[in-house]
Amino acid sequence: MNSVTPQISPIQIGILGCGAIAPAYMKNIGPEFGGIVKVKACCDLDASLAKGLAESYSIPNIFTLDQMLADPEIQIIINLTPAPAHYNTSKQIIAGGKHLFSEKPLALEFDQAKELISLAETKGVQIAGAPDTFLGAGFEEVKRQIATGVIGDPIAATAIVTLPMFNVKRYHYVFNGTVLDLCPYYITALVQLFGSVKTVTGLAEMQFPDRIDSTTNEAFTPPRPSTAGAVLSFENGCIATLLASHDADAYYPSVEVFGTKGRMTIPDSNQYPGFLTLRKGHEEEKRIDVDESMGFAKLERGLGVAEFAHAIQNSREPRTPASLMLHVLEVQHAILQSPDQKTHISISTSAKISSSISPEELDSYKGIR
């Protein structure tokens with residue numbers, strides 16, 4: 001008799017927050033990862049947003065958060081609310097006995113994030129979250145290339161991310177600026193290459209305190225510097241410089257890794273796909289296209305949710321665990337605290353480098369057994 005691989009039912013999930021990022025998740029969760037997750041319900045304080053998401057992606061139920069928490073079929077709730085709401089809403093999700101997948105940051109404050117992790121341990125549930133782009137095919141190609149020794153031994157890196165949000169008050173106050181909003185992608189990528197951050201030395205000045213909101217013409221002062229730089233030292237001895245600003249005129253993402261034998265420019269850490277460029281000595285720069293057969297290479301989100309569901313099904317820690325989110329959050333705060341304290345800051349937490357997703361595991365996300 002031929003053996004048959006048992007089919008595992010997809011994990012039922014709920015989506016809390018149906019704003020701008022929610023469609024990016026839904027574009028992949030159904031078509032790409034329907035073999036392992038299925039959205040049962042969505043929820044938003046703005047009923048029109050919930051209705052629009054449900055209609056656009058055939059989500060069968062529009063629930064309140066209390067209804068999601070009371071539904072025994074829903075195992076994971078994805079928290080896509082604005083960053084200032086993460087702590088309170090995630091605390092409700094965890095206290096309700098549901099696994100939490102959170103958009104970054106886990107919480108705005110480091111102590112709040114630690115509290116959520118402690119509560120999850122007490123309730124016997126897991127936390128995972130963004131950034132998860134390092135699980136995609138683009139970053140997998142980076143790791144593969146570096147492992148071949150094409151740039152020799154890595155010694156340093158530079159990471160830059162800018163946004164054109166100079167006079168957008170909402171970005172300063174709701175998204176909390178580039179350091180707390182977008183830097184998690186770039187810090188996480190560096191951690192996945194070099195290991196945990198040991199120390200942070202930051203620089204940040206309030207260059208332009210007087211601003212006028214581009215939509216309301218309201219005068220405002222940013223709550224924190226909108227351009228910051230830092231030097232990060234890693235456990236493997238590498239160092240990296242990081243520049244983050246939302247005062248620039250456009251989105252300029254850049255990550256370069258320098259080795260003893262060459263330099264590699266890697267894909268935007270805010271995306272799953274991309275291509276690499278390699279330069280060695282006086283040779284011309286060479287483009288290296290990503291082998292998309294190595295992993296997920298779509299633009300939209302959702303890979304981390306599928307991986308989290310697989311981790312729950314197999315009783316293991318996810319590759320984007322709370323410990324990684326906490327470590328990156330501590331580094332983010334250190335970038336902003338170091339200038340005030342006029343010293344480098346030692347990082348108390350640590351994070352491990354995650355393993356790659358095998359082709360067989362990725363197939364299981366898609367329902368291919």
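Which residues are buried in α6? In this helix, Ala 137, Gly 138, Phe 139, Glu 140, Glu 141, Val 142, Lys 143, Gln 145 and Ile 146 are buried, where buried means under 20% relative accessible area, exposed over 50% and partly exposed in between, with a 1.4 Å probe and protein chains only. The model is predicted, so that local features need pLDDT of at least 70 and side-chain atom pairs count only at pLDDT 80 or more, while totals for chains, interfaces and linings use all residues. Residues are numbered from 1 along each chain as its sequence is written, and side-chain values use heavy atoms, with hydrogens and water left out.

Helix α6 spans residues 137–147 and is mostly covered, with nine of its 11 residues buried; helices (H or I, at least four residues) and strands (E, at least two) are DSSP runs numbered from the N terminus. The cover over the buried residues of α6 includes β7, α9, β13, β14, β15 (275–279) and β16 (286–289), contact being defined as heavy atoms within 4.5 Å. After α6 comes Gly 149, which has a positive phi near 85°.

Several of the covering strands pair with one another. Strand β7 (residues 154–162) runs antiparallel to strand β13 (residues 254–259) and is joined to it by six bridges, two strands being paired if DSSP finds at least two bridges between them. Opposite Pro 154 stands Gly 259 of β13. On to β14 (residues 263–266), β13 pairs in the antiparallel sense over four bridges, with Val 257 opposite Met 264, and the two strands form a hairpin with three residues between them.

A separate description belongs to the open sheet, in which six strands follow the order β3-β2-β1-β4-β5-β6 with parallel pairing. Its edge strands are β3 (61–62) and β6 (127–129), each of which pairs on one side only. Strand β5 (residues 99–102) pairs with β6 in the parallel sense over three bridges, and Ser 102 has Gly 129 as its bridge partner in β6.

The largest nonpolar core holds 90 residues, of which Ile 13, Ile 78, Val 200, Leu 303 and Ile 335 touch the most other members; such a core is a set of buried Ala, Val, Leu, Ile, Met, Phe, Trp, Tyr and Cys residues joined through side-chain atoms within 4.5 Å. Helix α9 (residues 183–194) gives the largest share of this core, nine residues. Leaving aside residues up to four places away in sequence, Ile 335 touches Val 179, Ile 187, Val 200, Gly 202, Ala 228, Gly 229, Ala 230 and Leu 242. A second, separate core of 26 residues includes Ile 93, Leu 106, Leu 116 and Leu 326.

Not counting residues up to four places away in sequence, Glu 307 touches Leu 135, Arg 316, Pro 318, Arg 319, Thr 320, Ile 357, Glu 361 and Tyr 365.
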